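Here is a look at the links that hold side chains together in this protein. Have the sequence and the 3D view ready as you read.

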Amino acid sequence: MKKKNGFLIFILSLIINTTYSQCVDDVILNVNPTNHFVGPSANCANNTGGDPTSNTFNYSANTSCYDVADVSITIIPDNPNTSGNPGFEGGDRVEITLTDDNGSTTTTINGSTYNGGNSNTFTATRINPGDNLSIDVFIRIQGNNNTANGGGCWERLRVTNVNVTGSDSTSPVTPTIADETFECNGIPITPTTTDSGCPTLISGTTTTTFPITTLGTTVVTWTFTDDCGNSTTADQNVIIQDTTAPVADVATLADVTDQCEVTALTAPTATDNCGGTVIVTNDATLPITTQGTTVVTWTYDDGNGNTSTQAQNVVITDTTAPVADVATLADVTDQCEVTALTAPTATDNCGGTVIVTNDATLPITTQGTTVVTWTYDDGNGNTSTQAQNVVITDTTAPVADVATLADVTDQCEVTALTAPTATDNCGGTVIVTNDAT
């Protein structure tokens, strides 16, 4: 309690916590004070000119969820003396001041002097009242009042009702929602926003089906609705990407082997992190017939620009020798000599050209049997051999160079004979002998 300008001042405060329904004419504060009055607390005292008395009562309303606050203050004459109850007297004064924290502005809604009457209700509307609205009710009474119940009785004025209602027609704050990026699929975090300074956040809702699996950018429209049905929308980009290449299901591919050629390859498999179909291709030209190792590169493509590769060896190794086309070669025969041999043939398992050679020295003139060895070579290091007999048998006698030899004559004796000659069909030397003594 303190003195101010010769008046007795009482400061009383009342703060009411409220919930937030954010609709039209919501009751934020409604109190019926029982002891907020100015004047005597007991029966009137006989005095002829006491000091005027004044009180200031303070009420506080949490208006953070509202953009309009309507204030109503009811004050009635209320003298505790039962014999009479004076109304508002000349010189009485009521001032109601609204103070909010939205720029610390103040408004005095009434500063007049009220005379007579039994009740007065003061009303005001506050636009954008901020988070908290402070209501100061200043009441001053004249003090001395001559009434029928005995001169000098003090009057009394009482605050009987303080009512504050709020309305909200403002949509929640439209938020700016950051993009969210996911690998393969994703569910974005539900965004929130504020509503006219309300302490409770509003969560967004959407009709988009989650998780989002479509690659690229999906625009999700979030709707934010407060308890009064005021709403706003905001878009969010949800980006689904696939930046991971497929992974081969087998770490190392087994070699593909054959004697001669590979005409087909079994495609290996790979798994994509996003579960999509992996397209498998290779760089091979079929059939593969080159002896040795050919490296085939397999490529795994997930269809989203991500590829991986894996190598596989195709090994062609011909280990089979050619096979002679005739199991046993016929003998080659002659009376005197063989100057040429007809090469036999053989077949290679891989169908390649077989090189045929022999170990013979031509011409073969040696009487009897000469074994010639034929060699079949497939060119891949595989050889086989086959023997052939060359038989030289001279069965023709020499032929005398003169059909009839001339007689040899002498008077007495013949001591020597001149050997005639003969020619052999094989051109060899003919040994000439006789049976003469």
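Why is the disulfide of Cys336 and Cys426 left-handed? Because the torsion about its S-S bond is about -80°. This is a predicted model, where local features need pLDDT of at least 70, side-chain atom pairs count only at pLDDT 80 or more, and totals for chains, interfaces and linings use all residues. Residues are numbered from 1 along each chain as its sequence is written, and side-chain values use heavy atoms, leaving out hydrogens and water.

The structure has three disulfides (cysteine sulfur pairs within 2.5 Å):

| Disulfide | S to S distance |
|---|---|
| Cys184–Cys274 | 1.9 Å |
| Cys260–Cys350 | 1.9 Å |
| Cys336–Cys426 | 2.0 Å |

Cys184 sits in the loop between β15 and β16 and Cys274 in the loop between β22 and β23, so their bond ties together parts 90 residues apart in sequence. (Strands are DSSP E runs of at least two residues, numbered from the N terminus.) Cys184 is buried at 10% relative accessible area, while Cys274, at 30%, is partly exposed. Here buried means under 20%, exposed over 50%, and partly exposed in between, using a 1.4 Å probe and protein chains only.

Now for charges: there's one salt bridge, meaning a Lys or Arg side-chain nitrogen within 4 Å of an Asp or Glu carboxyl oxygen. Asp100 pairs with Arg126, their closest N and O atoms 2.8 Å apart. Asp100 belongs to strand β8 and Arg126 to strand β10, 26 residues apart. Both Asp100 and Arg126 are buried.

How values were computed. Helix = DSSP H or I, 4+ residues; strand = E, 2+ residues; numbered from the N terminus.
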